[in-house]
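Hi everyone, thanks for coming. I'd like to walk you through one structure today, so please have a look at the screen.

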Amino acid sequence: IAFAAWADHVSGSSGQRWRRRWRLGLGVLLLSVFVFRCGARVWQWRSSEALYEADALAWPTSVKTQHQLATVYHAQGRYDEALRHYEASLAVLDDNALTDQCVAQIYIETGRYAAALERFEKIMR
């Protein structure tokens, strides 16, 4: 505020003062938005799960984001959620052997060997 008052005093005409105040106000507004959004994004970096969940909500058709979130769930033993996100990744890009291999791995870990074999056959085609 002191800067705005000083700028008014130095500028001279009321039109110039108004423009300077407008620019200063716009600058403060943009800086505030930037700081708020940075704080929100930094909070998402607290864990891989939080980061990829936020990204999956923002970009639901991102193959990489869906795959990464599924990988986090897979490592946590949350197989149904992992499969859902692997399938979402494959719905966008079905020709992804790594994602198919991850699905087959879950099938093996959960005792669904026939489904795992089908997935491996898909990879080999």
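Before anything else, a word on "contact": I use it for heavy atoms within 4.5 Å. With that in mind, residues 24 or more positions apart make up 27% of the contacts in the protein chain with a separation of 6 or more. Please remember that this is a predicted model.

Now the overall layout. Of its 125 residues, 28% count as buried.

Let's turn to one helix pair. How do H5 and H6 cross? The axes of H5, residues 79–92, and H6, residues 97–109, come within 10 Å and cross at roughly 155°. Angles over 145 degrees count as roughly antiparallel, and therefore H5 and H6 are roughly antiparallel to each other. The crossing of H5 past H6 is left-handed. By class, their contact has nine nonpolar, two polar and three charged residues. Among the residues that meet there are Tyr 79, Ala 82 and Leu 83 from H5, and Val 103, Ile 106 and Tyr 107 from H6.

The largest nonpolar core has 16 residues, and Leu 69, Ala 82, Leu 83, Tyr 86, Val 103, Ile 106 and Tyr 107 touch the most other members. H3, H4, H5 and H6 each supply at least two residues of this core, and H6 gives the most, with five.

Finally, Leu 69: leaving aside neighbours within four places in sequence, Leu 69 is in contact with Glu 49, Tyr 52, Glu 53, Ala 56 and His 85.

Definitions and conventions:
Residues are numbered from 1 along each chain as its sequence is written. This is a predicted model: local features need pLDDT of at least 70, side-chain atom pairs count only at pLDDT 80 or more; totals for chains, interfaces and linings use all residues. Side-chain values use heavy atoms; hydrogens and water are left out. Axes are lines fitted to C-alpha atoms, for helices over the stretch in contact, and angles run from 0 to 180 degrees between N-to-C directions. Helices (H or I, at least four residues) and strands (E, at least two) are DSSP runs, numbered from the N terminus. Angles under 35 degrees count as roughly parallel, over 145 as roughly antiparallel, 65 to 115 as roughly perpendicular and the rest as oblique. A crossing is left-handed if the near helix is turned anticlockwise from the far one by less than a right angle, and right-handed if clockwise. Ala, Val, Leu, Ile, Met, Phe, Trp, Tyr, Cys and Pro count as nonpolar, Asp, Glu, Lys and Arg as charged, and the others, Gly among them, as polar. A nonpolar core is a set of buried Ala, Val, Leu, Ile, Met, Phe, Trp, Tyr and Cys residues joined through side-chain atoms within 4.5 Å. Buried means under 20% relative accessible area, exposed over 50%, partly exposed in between (1.4 Å probe, protein chains only).
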